[in-house]
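Thank you all for coming.

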Amino acid sequence: MSAVNGGGTLRQERFVARYQDEWREFEDWLQQRGELPQARWSGRPWTGLRDEDVPLRYRRICQHLALARRRGYSPSVTNRLQDLMQRGHNVLYRAPAARLRPVVDFVLNRFPRLVRAHRGYMLASLLLFVVPLVVTYVLSLERPDMVYTLMDPAQVANVERMYNPADHGHYEMRAAGTNVRMFGYYIMNNISIGFRTFASGIFLAIGTVFALVFNGLFAGTIAGHLQQIGSGATFWPFVVGHSAPELSAIVIAGGAGLRIGMAVVAPWRRRRVDALIAAGLDGARLSMGFFAMLIVAALIEAFWSSNGAIPPTVKFAVGALLWILVLAWLLLGGRGGATRAD
Amino acid sequence: MLDTVREIHTPEGVALRLPAAGPVPRALAWLLDASIRFGGVMLAGILLGVLGATGSGVWLVLLFVITWGYPILFEVLWHGQTPGKRALGLKVVAADGAPVGWMASITRNLLRVADGLPLFYAFGLLSCLVDPWNRRLGDLAASTLVIHVVPTNAIAALTVQGIATPLWPMQPGEQEAVIAFAERLPQLGAERQQELADIAQPLTGERGPLGVVRLAGIANWLLGR
């Protein structure tokens with residue numbers, strides 16, 4: 001059938017004349033209702049196309065589009081129908097609006113489940129972080145000059161000054177305004193590190209491995225060095241409070257990064273791109289989780305850890321309690337709940 | 001075809017056409033966004049500077065939100081467009097043409113870091129050039145696509161009256177081309193009209209201005225006027 005526009009089929013102008021009222025009704029509905037937030041139109045009188053007729057009308061317009069394409073109608077008609085169809089598709093197939101309950105469900109149930117579902121990656125991430133940490137900690141206790149192989153003397157002097165037991169006033173007794181500034185700094189710095197640790201995993205996990213080992217090396221070296229020079233009494237009470245959410249968040253960020261990297265290296269029985277999409281989705285969810293954990297960590301670090309008026313015993317007790325809470329949340333959260341992970 | 005249009009088959013059995021955007025408009029959109037973000041950060045720095053240490057804390061939080069949250073919030077809450085993308089007529093959509101969701105936007109924008117490596121979006125550009133739909137690494141992992149927003153014009157009224165019949169039977173593709181020619185006629189200069197109409201000389205049997213009128217007449221005939 002080559003006589004597409006002629007012969008027995010409906011010619012373009014008559015096709016448009018016959019159906020354009022239906023198209024206009026649908027377009028009005030999209031403009032007045034479908035594409036606006038519900039609060040803008042619910043309760044208002046509406047005399048146009050009824051909501052319950054919309055899917056049927058949408059399918060009809062899809063059929064008109066298919067007919068228009070098949071019959072070779074001009075772009076002005078097919079483009080208009082294409083536009084209506086695209087907009088209808090967007091309204092009918094859009095993701096449901098975010099609500100509060102799924103957020104609570106995510107925090108309490110789905111996120112811990114997601115972490116446990118990736119326990120292999122989390123364990124690998126933990127080892128990549130903790131082994132260098134412990135090794136360099138022990139090494140710096142044994143060999144005091146080791147710190148200078150990783151950091152330059154100015155940085156070392158800066159860290160030593162921050163935790164000097166004789167003069168810890170400038171970090172512990174600081175004004176409330178400084179607390180807010182440090183909070184902003186921790187948010188910008190620590191969460192960016194977490195996000196980069198995750199994102200750099202897409203390069204065959206190499207970036208994530210590097211970030212985890214590097215952070216472990218630094219943390220271990222500094223802790224060992226401060227302990228060795230006798231600043232432990234100011235250093236440990238400072239870090240113990242926020243250590244639970246912060247260190248576990250780093251490990252989770254690493255686990256998410258390893259996951260996305262391994263999806264590229266070994267996609268198993270999926271196409272590489274499909275494995276990547278699945279890992280990217282899980283990675284985004286894990287990122288939202290460790291993002292929240294790092295905000296909590298930054299709050300504790302800025303407003304609790306820095307408070308010199310709180311005795312170290314209280315800080316250790318709270319730190320231990322937070323470790324128990326975080327581990328219990330991650331290991332037990334969402335077990336046996338009614339809603340299963342999707 | 002040297003075309004970057006991606007066709008998605010919907011449950012209703014019609015194809016959704018998504019024209020993928022290439023690296024150049026996307027880079028321009030990014031530059032525009034970068035200057036907006038830089039300007040915002042600078043302005044906030046000046047305003048919050050008066051508040052001392054508290055102000056700088058708030059500024060750092062704002063810096064964080066603008067660095068990481070700006071593209072995510074705009075893409076999800078503003079029809080898949082950041083201000084830069086809007087200015088360049090671009091839009092982020094899911095691979096099936098649906099609006100981009102939170103998780104997909106978070107994935108593609110966190111992985112921006114990876115696309116930015118080692119310098120100046122080199123990996124992103126490489127991925128863009130290799131992929132048939134110009135997706136960068138973040139788009140691949142999030143299953144999203146950056147497309148051109150095609151403006152839809154109202155159905156144009158044909159300007160030339162009169163009907164002519166073609167000398168030869170026409171193929172469907174030829175018919176579409178002739179109708180599209182007639183609809184674009186008002187936007188074309190007289191010389192360009194004749195140049196195009198001359199190509200169809202075997203069909204109209206005329207050249208020059210008369211060929212243009214003839215060809216538009218054939219379009220009228222095809223449209224059933």
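Let me begin with the word domain: the bounds of a domain come from an automatic or database domain assignment. In chain B that assignment gives domain 1 (5-148) and domain 2 (153-218), and the centres of these two domains, taken over C-alpha atoms, are separated by 42 Å. Chain A is likewise divided, into domain 1 (12-93) and domain 2 (101-332), and here 52 Å separate the two centres, again taken over C-alpha atoms.

A word of care before going on: this is a predicted model, in which local features need pLDDT of at least 70 and side-chain atom pairs count only at pLDDT 80 or more, while totals for chains, interfaces and linings use all residues. Residues are numbered from 1 along each chain as its sequence is written, and chains are lettered from A and ligands numbered from 1 in the order in which they are written.

Now to where the chains touch. Two residues are in contact if their C-beta atoms, placed from the backbone, lie within 7 Å, and by that rule 50 residues of chain B are in contact with 59 residues of chain A. Helices (H or I, at least four residues) and strands (E, at least two) are DSSP runs, numbered from the N terminus. Among the elements that give two or more residues to the side of chain B that touches chain A are strand 2 (15-19), helix 2 (52-77) and helix 4 (102-110) of chain B, and helix 2 of chain B gives the most, with 12 residues. If Ala, Val, Leu, Ile, Met, Phe, Trp, Tyr, Cys and Pro count as nonpolar, Asp, Glu, Lys and Arg as charged, and the others, Gly among them, as polar, this side of chain B divides into 30 nonpolar, 15 polar and five charged residues.

How do helix 2 and helix 4 of chain B cross? Their axes come within 9 Å and cross at roughly 150°, where axes are lines fitted to C-alpha atoms, for helices over the stretch in contact, and angles run from 0 to 180 degrees between N-to-C directions. Angles under 35 degrees count as roughly parallel, over 145 as roughly antiparallel, 65 to 115 as roughly perpendicular and the rest as oblique, and therefore helix 2 and helix 4 of chain B are roughly antiparallel to each other. The contact between them includes Pro71(B) and Ile72(B) of helix 2 of chain B and Trp102(B) and Ser105(B) of helix 4 of chain B.

In chain A, the axes of helix 1 (residues 12-34) and helix 4 (residues 75-93) come within 11 Å and cross at roughly 30°, which makes helix 1 of chain A roughly parallel to helix 4 of chain A. Among the residues making this contact are Trp23(A) and Phe26(A) of helix 1 of chain A, together with Leu84(A) and Arg87(A) of helix 4 of chain A, and by class the contact has seven nonpolar, three polar and two charged residues.

Finally, helix 6 of chain A packs with helix 11 (residues 206-228) of chain A at an angle of about 30°, with their axes 7 Å apart, and the contact of these two helices has 17 nonpolar, 11 polar and no charged residues. Leu139(A) lies in helix 6 (residues 119-142) of chain A, and, leaving aside its neighbours within four places in sequence, Leu139(A) is in contact with Met146(A) and Gly224(A).
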